[in-house]
Amino acid sequence: MDPKNPNRESRSTPQYALYQRENFWKSNDGQVPPFNTEPGELERLAQAKLTQNGWYYASSNAGQSHTHTTNRQAFYRHRIIPRMLVDTNKRETAHSIWGHCVNAPIGFAPVGINKINNDQGELPVARVAGELNLPYCLSTAGSQPIETVGAANDTLATGGKGVRFFQLYMPHDDELTRSLLQRAVDSGFTACILTLDTWQLGWRHDDVATSNYAFYHGKGADLGLSDPVFQKRLKEHGIDPVKQSNEAGALWIDNVWHGRAHTWDKAVWAMELWKELSGGKPFALKGIQHVDDAKMAVEKGFDGIVVSNHAGRQVDGACASLDALEKIVDVVGDRIYVMYDSGVRNASDVFKALALGAQFVFVGRLWIWGLAIMGETGVRHVMKSLLADFDILMNVAGFKNVGGIIGNRGALESGPKDYPLQPQTSKL
């Protein structure tokens, strides 16, 4: 690719497509690209790096992984229809989310216990997100303190402030919830996303069979252990977090994934609390799959929803999130900010979700594999490759900007919802 392409002069974001050229040229300088970013190869490389339990936590799905399979099959039934002779020399990947101008409609999904994947946990991920000017979402199940992650996200090569959201798993301890949200506000998190589908973990065979619950084994509870209200709870229970790390971790996660459902009234309470503490910043709901729930989110005044089935990790045999997205956008797409996550593996998946009406797309497992393979360098390589893939896709498919993709169902040819659990083999 010509590095002097005029597109470089007409856009506000880096010309990510040049990352392909950079990797093609490396062998001339006696170098090699960090690793292959094909999703299947990423999984293979990550599995080789992780412990058995690390691999199980990162890769396992609910039940027999039928929801995970259906997520992927839903993407397969849509095909992109490229357009020709479009002046994509004037091409831009930039997008806006809740007033933040970011470099692409792509964000880092909230993922917990990153210390399983790398000793630095969420810090390398937050740094790369800030560097690339992509939104980073920190999970309540994160394995670093909120404050430390916020500071890492602000460590930008060009200076400035990272765009970051806090994902809340809401305890049944209101004082603890208030403390978590206040810490997020004080640490520069500019939106809160309440996850609705995981007040208890789904049944994951491999994790259960190996007692694979890091918090019960003294690992990954740093976000909770650094909270002043939770520190009070430890004292009230007579638990020394240093000498009794297993018990401390268990008390923390049993407050987060507690097995006790919340109601719409409680979700509204959390939104109002966040608005009070943050001065009115956005509050969204993650895990919406049913049109009626999306309509209720609009009626209750939430700022956004993330259409997600937790990548197939919660309800086995559930509907594909991409199919849910279509129905939800048709009903409430013009009344609430609709985001998407679940099953995203490459730029064409991002494109398809946008074309079906999502206004923003979160990715998770891709960067998890990169973190496991090569730490911060791995996360950067995976996400720059995804950005390059997206930039090149826009170029060769004939789309000049993200606005031209969002809600453009004419950009897709869509087949029937026919999802055999196993690929059909030819009878010839």
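Which residues touch the most other members of the largest nonpolar core?

## The nonpolar cores

Of the 115 residues in the largest nonpolar core, those that touch the most other members are Phe108, Ile305, Leu325, Tyr340, Trp367 and Met383. A nonpolar core is here a set of buried Ala, Val, Leu, Ile, Met, Phe, Trp, Tyr and Cys residues joined through side-chain atoms within 4.5 Å, and buried means under 20% relative accessible area, while exposed means over 50% and partly exposed lies in between, with a 1.4 Å probe and protein chains only. Helix α16, residues 365-397, gives the largest share of this core, 16 residues. In soluble globular proteins, nonpolar side chains tend to be buried together.

Leaving out residues up to four places away in sequence, Met383 touches Ile106, Phe108, Leu132, Leu134, Val363 and Trp367, where contact means heavy atoms within 4.5 Å. Another core, of 14 residues, lies apart from the largest one, and its members include Val102, Ala284, Val306 and Met339.

## How the model is read

This is a predicted model, in which local features need pLDDT of at least 70 and side-chain atom pairs count only at pLDDT 80 or more, whereas totals for chains, interfaces and linings use all residues. Residues are numbered from 1 along each chain as its sequence is written, and side-chain values use heavy atoms, with hydrogens and water left out.

Helices (H or I, at least four residues) and strands (E, at least two) are DSSP runs, numbered from the N terminus. Axes are lines fitted to C-alpha atoms, for helices over the stretch in contact, and the angles run from 0 to 180 degrees between N-to-C directions.

## Helix α7 and its two partners

Helix α7 (residues 174-186) packs against helix α12 (residues 264-278) at an angle of about 40 degrees, and their axes are 10 Å apart. That angle makes α7 oblique to α12, because angles under 35 degrees count as roughly parallel, over 145 as roughly antiparallel, 65 to 115 as roughly perpendicular and the rest as oblique. The crossing of α7 with α12 is right-handed; a crossing is given this name if the near helix is turned clockwise from the far one by less than a right angle, and is left-handed if anticlockwise. On the side of α7 the contact involves Asp174, Thr177, Arg178, Leu181, Gln182, Ala184 and Val185, which meet Lys266, Trp269, Ala270, Leu273, Trp274, Glu276, Leu277 and Ser278 in α12. By class, this contact has eight nonpolar, three polar and four charged residues, where Ala, Val, Leu, Ile, Met, Phe, Trp, Tyr, Cys and Pro count as nonpolar, Asp, Glu, Lys and Arg as charged, and the others, Gly among them, as polar.

The axes of α7 and helix α10 (residues 228-236) come within 8 Å and cross at roughly 145 degrees. Here Glu175, Leu176, Ser179 and Arg183 of α7 meet Pro228, Val229, Phe230, Lys232 and Arg233 of α10, and the residues of this contact divide into four nonpolar, one polar and four charged.

Helix α5 (residues 123-132) and helix α6 (residues 146-153) have axes that come within 7 Å and cross at roughly 35 degrees, in a right-handed crossing. The contact is made by Leu123, Ala126, Arg127, Ala129 and Gly130 of α5 together with Thr148, Val149, Ala152 and Asn153 of α6.

Nine of the ten residues of α5 are buried, and the helix is thus mostly covered. These buried residues pack against β4 (106-108), β5 (136-139), α6 and α16. After α5 comes Asn133, whose phi is positive, near 55 degrees.

His310, in the loop between β9 (304-307) and α14 (321-332), has a positive phi of about 60 degrees although it is not a glycine, and at 13% relative accessibility His310 counts as buried. Ala48, found in helix α2 (residues 39-49), is exposed, with a relative accessible area of 66%. Ala48 and Ile373 are 325 residues apart in sequence and 8.4 Å apart in space, C-alpha to C-alpha.
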